[in-house]
Each structure stands twice: as structure tokens, then as C-alpha cells.
Amino acid sequence: MEVPRRPRPSSFTLALSKPASSALSPLGAVEKVARKDSMKEKLKERRDGAAEEDQFGEEAYAAEEESVVSVFVEEPDEASELDRSFSEESSVSEERLAEEANEAKKKSEEEEAAAKERAAQRQQLAIEELVQSERNYLRLLQVSTVTIRSNLLKLQPPPANLDSMFLYIDDVIDVSSRLLSLLDQKLVQPGDPVFLETLCDSFLSLSSDMEAAYKEYLANYNNITVVENSYKQKEALWNDIVRVIKASAPEVNATSLSFFLVMPVQRIARYPLLLQTIQKHTDRTHPAYDLLEQTAHTSIALNCRINEYKRFREVADKYKKTEALTIKDKINRLNTHSIAKKTARLSQHIKHETGIAAKLVDGEFDALEGFFNVLEHGILELLENVETYLHHLQGFLSCKTEEFDFDMDGEKAPICYKEITTALRQWILPTFEKRMRTLIHKPLCALRDLLVGPRNLIRKRLDKLLDYEVICDKSSLSYDEQAVANTYRTINTLLLNELPQFNGLALQMIWSMLGTFSCLHRDLASDMEQLFQSFAQQLPHSSLSPSAFWRWAESAVLEGARRLETLCRSVEDTLNAPVVQPLSPSSQRRLKQLTDKHGSGKIYQVTGTVVGSRDLDLNLAKGELVAIISEADSRGDKRRWLVDAGGRRGYAPSSKLLRYHQPTEDPPPSPHLTIPEGVTGIRRHSYTPEARPLTVMSQPCFQVFAAYDFTARGSHEVSVRAGEPVRVLEPHDKRGNPEWSLVEARGGQRGYVPSNYLTIMPVVAPPPGLYPPY
């Protein structure tokens, strides 16, 4: 007989056996713990409520608690009742859990809203910090450039190179003030959501101007520190500077100029930090978040470009300097490294010239370099022409022709000429010269000095290119080789970026100066025309027509040029002193000896003292006579002649030897000229004998006298007194110049006198008061 099994309760499949996997609540394990806690709380409440009942109540409470534990062993009816009771309690627990979940959600929403509010407050504080710090930064810069700078200039003497410390700071102040003005124009406060968008737009619109201003200031900052250190070396000057700074800005307690001048360096680096702080506390759903992110990236890129420009400038400043080194300094700089580097460059250059190695070609740079060379040549040539022009102008101004007396008093033309020349020399031309030097010569000199930097960089680029070509084919580079490659790339990039701008500005300056040169001459012509028109009616040829006036002017100029040429030729002939000097008795004996031995055509006279410096050279005195043996030395050098000095033979320089012309031994007493009848005496303007037949008489009928006193200026001349008779030996000097005559005075003295100092007079009896005929 089969034993009947005990039926299982119908509620056994309820979620009680697996409360953790129940899907009644999304809280999972939290709901399980909550259910157990709620059951215990309910049992506790019942126990407290039955405290007034009897012991039966306590047993019932204990039985009820026991029934919960022994669910699996109760009878089916009791289990059903418990299941129903538990379902009711579960529904109550689910409602309570839902309420708690709502409360937790509400609490999380409140916390999220509070977090957003705190982020908004931090964002507003960051924006206010940026704006307020910008205002303080601008105020301190203005204090340093206006108050402190003006007070420092009042020092006696003012500090040297003070303006170079404040170079480019005005541009920084300008861009900062423009940024604040753009923010103030929108009439929005930092707490307004639109203010962030306004801030970003303003920063982006001024980013290019910021870069232009700050990169020049930062590149010049090293010069600021150098100048300030030079001030610190002078204790008295530095104490005065510190006193001025403290008195001008007592609220900041600054003790040096660098306290203010370093602010732009710090400010440009702080923009990315401030913008990133604002971005950190800005919700991504904010309308201006993307614009803020772009602004932050722009500020970072701005700092990178400024740092790169500063690095380029440092390289340029390093290599563009020209050092005036002596040979000793260059030798002291030689070492194994420099010798190896120069040897490698020379080797690479030889490989290029011989075609062994290919040369790196940069077409863009070659075109820029060629244009720079053309500009440099044009600038130097233009400067040379301007300097020559000013030199000639200065020479013209130094010739004060209006101060000479022309002995033409009362004539209008000389008076007008004097007044015109005075006005030109004292007012018009000096003003023109001053403008030329200020507007053309000085800028050209400055432009010439600016050519030195690019020229040195181009030369240094060629050296670095040779170094780079040696290492460019290597797969891996050492630290030094990488530095060489970076240096070449930096110089090449710098030249490719800056040389076109330099060429353009230099060409623009040349065209501007040429235009200024034309304008100056146009103004000069206008001033001169106005000056001449005021005197035109007073000139004798003012009534002529233009064509007739120019014909007269041309003929007058040509006639004046002809007269001037004749005068110059006459003065030149007059200033040519005679070469032949009178001979002493010993020189006459040597002359006879050399003439008998070598002939008169070989006789030369020494024109200057000769001091022998080589073997077989002779020491000869000025005026000494020698005979030429050979017109070249033993090596064929025609600059040294072999001569006979009357027993001594040796070499003498040919440049100090001149052919000697012997005077006539027995010249006629005087040239016989045809004298018109009835003329008792003739004063000759120039003693020039005419080609007339000479008649030799035993008794002279004419005598040559000295018409004026003449004092000899050298040994080759002779002194005569007025009325003294002389005998003309040669009517010209040894060069054939008739302005001088070789005469013999009383006492046998021979020498030259001017021909126009002589006069011819007929002699019948000695004139009273004169010397007897000679």
C-alpha cells in the first residue's frame, strides 16, 4: 500500500526561496535587506503592543516568530496564511522602498543642482579674476610708463638707454586697453551668461595684435635686464632709481623696474591658465563652451608662436653680430673643435666644386638672396653718390665769390650777382643741404647698417648648410649633430620668413628716398626761380626773348671758358720753374771731362738727392752731373741706370735724372730787334724774340736792362736791380718757355729772370743814373 505524500504548499514557488533574484524592486540586495528589517520591525511592534496581555500573548508572539522561521515544515493551511501575510507585508515594503527611491533621486537631483551652482560660482569667480587682473595689470603698466618713466627722465643726468627699456611696451598697453574696452562696450556683467561669449570673441579678435605686440616685447626683454644690471653697477644712480620708483608707486612696494617690466612676460603665459580654469568650471551644454574651448587653444598656440619667435630672435642675435677681432684674437680662438669644423666645411665645399657631392639647392632662398644682393649693391652705390653730391655742394658753399671786389662798382650785373650769390650761399643752399642730410643721407646710412645683420646670417647659413650636408644622410644623430641640424633649420626658416619682409621694406625705403630727392630738387628749383625773378628786371639781358637769351648765355659761357683756359695755361707755364742751375767751377770741369768722354747727348743732371740702398748704387747730390753709360742694369731693369759720375761708376734711379742742356758759350750781347724810329725805350710784356735776321756789330747799338728789381728765389735764378744792364744768354729756359730768360749780370753771375722784367733801350751814352752798358 502506497503511503500518501504530504502535499507541498501552493505558495512554495513564491519568491521567498530566492529573494535575491526577485524582480519586484530594482534595488536588488538593498530590497532583500529592507524586507528582513521590515519583518523584524513588524514583529517588534506586535510584541510591544501585546505587553499588556498575558503570557499567552507572549507565547503567541513567540509562536508567530517561530512560524516565520519554520515556513517549510508547517501544515498547508498555516503556510497559506503566512504567505498571505507576507504578501501584504511585501507590498507595504515595496511602497516604502519606492518612496525611499524617490527621496534618494530627489536628493541626488538637489546635490547635482548644488554642484552646478557651485561650478557656476567658480566660473564667475574665474571670469572676474581674469577681468580684474587685466585691469590691475593695465594700471601698473601705465604707472610704469607714464609716472615712473617721466620722473626718471627728470634725474640729472637722466639714465642712459632708458628708452630702450620701455621699447614696445606701448603696444602691449594698447592691446590690453582695447581688450577691456571691448568688454565694456557690451554693457554686460561677468555674471551674465552672454559675458563669456563676449570675452571669447574679444580675445579671438585681438589674438593677432597680441602676438605682434608681445613677441617683440619678449624678444627685447633680455636687453631690459642688461640695461637694468648696468644701472645696478652704479650705486648712486641705482639708489636714485629706487627712490623714484617707491615715490611714484608706493602702494606696490616695488624696488626695481623689472617688477613692472616683467609683467607682460608673466601675463601672456597666464592667459591659457585663466581660460582653462574657466573652461573647467563651464558645463559642456553651455552655449559658449565650444567658443571657450577654441579661445583656450588659441591662447596656447599664441604662446607657442611667441616662444618660437623668441628662439629665432636669439639665434639671429647670436649670429648677426660682427666682431672686430684681431689676428691674435682669432689665433687664440683656435682649438681642435674649430679646426675640425672648418676642415669639414672646406672639404664639403671642395666636393661641391669638383662635383663629387651634390649641393642642396633651395630655389626660394636663392631667389631671396639674389634680390638681397641687388638691393645691397644699389643701396651702397646710392649712398656713395649722395655723399659725393654733398661733398661737391659743400665745396661750392665754401667758395665765397661774392666777397671778392670786382672793381665794377656801380654796375647792376655785379651787384645782382653778389646779392643772388649771397642768398644762395647763406640761406637757400644750406637749407637744401640740411634737408638732404636729414631726409636722404641719414636714412641711407641707417639702412646700410641694417644690411650687416642679414648679410651675416646668410653667410652663417652657408656654413651651417655645409655642416648639415655632412650629417643629413646619417640614420641616427648624436646630441651635438642634432643641435647642428636644428640650428641650420632655424636659420633657414628665419631667413625665409624675415628676408622677404626686409627686402620689401628696403625697396620701399629706396623708392621713398628717390622720391624725396626729386622733391628736394623741385623745391630748390622753385626757391631759386623765385629768387632770380626778383632780380630779373635789373639784369641787362632781361628784355631778350628766351631763344635769344639762351644764345647769348651760351656764347658768354663759351667765351668765359676759353678765357679761363688761356689763363690757366698761362699760370701753369709761369709756375714751371727753370730746371737748369748754374754750375760751380768744379762742376764745369766735370762737365768738360764727361762731355769729352761720352759726348753732350749723354750728360744728365740729378734733380734730387740720391742715397744708395743696394750694391753698386751711387750717392749723388742734387744738381750733380753724370753721364749715362747704360739705360738698364745688369738684370735689364730700366728703372736703374748705369752712370759715370766723373770717375765713380754705379747705378742711379732714372726718375731722378734729367737731360742737361748746355748754354751757349758766347751768346750775342742782346737779341737784335727792329726798333721803330723815334723810340727811345721799349718795355716788353714778354721777352719773346722774333724771327728776324741778326746783325753782328762790333759796338752794340741796343742794350738790355732790368726794368724792375728782381730778387732770386733759388740758386738757379739771379738778382738784378732796376736799370742794371744784363746780357741775354738764352731767351728761354731749357724747356723752351719764353717767360724766363737766362742772363749774365755784372760780376759774371748767371741765372734766370722773368722775361717781362727786361727792357731794350738804344745806347748812345749811358743814361743818367744808370749803369754803363755791359
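**Ground rules.** I number residues from 1 along each chain as its sequence is written, and I leave hydrogens and water out of side-chain values, which use heavy atoms. As the model is predicted, I take local features at pLDDT of at least 70 and side-chain atom pairs at pLDDT 80 or more, while totals for chains, interfaces and linings use all residues.

**Overview.** I looked up the secondary structure and found 20 helices and eleven strands. These are DSSP runs numbered from the N terminus: helices are H or I of at least four residues, strands E of at least two. Of the 774 residues, 34% are buried (under 20% relative accessible area; exposed is over 50%, partly exposed in between; 1.4 Å probe, protein chains only). I then checked contacts (heavy atoms within 4.5 Å). Among those between residues at least 6 apart in sequence, 68% join residues at least 24 apart.

**H14.** I went to residues 336–354 next. H14 has 19 residues and reaches 27 Å from first C-alpha to last, close to the expected 27 Å (1.5 Å times one less than the number of residues). Its buried residues are Ser 338, Arg 345, Gln 348 and His 352. They line one face of H14, because they fall within an arc of 100° seen down the axis (the arc of the directions from helix axis to C-beta atoms). Thr 336, Leu 346 and Thr 354 are exposed on the other side of H14. The buried residues of H14 pack against H13 (327–333) and H17 (452–471). Just after H14, Gly 355 takes a positive phi of about 85°.

**H17 on H18.** I followed H17 to H18 (residues 479–536). Their axes lie 9 Å apart, at an angle of about 145° (lines fitted to C-alpha atoms over the stretch in contact; angles run from 0 to 180 degrees between N-to-C directions). In H17, the residues that meet H18 include Leu 457, Arg 461, Leu 465 and Tyr 468. On the H18 side, Val 484, Tyr 488, Leu 495 and Phe 502 are among them.

**Leu 368.** Is Leu 368 buried or exposed? I count Leu 368 as buried, because its relative accessibility is 15%. Leu 368 sits in H15 (residues 363–398). Neighbours within four places in sequence aside, Leu 368 contacts Leu 495, Leu 496, Leu 499, Pro 500 and Asn 503. Leu 368 and Pro 500 are 132 residues apart in sequence, yet 6.8 Å apart in space, C-alpha to C-alpha.
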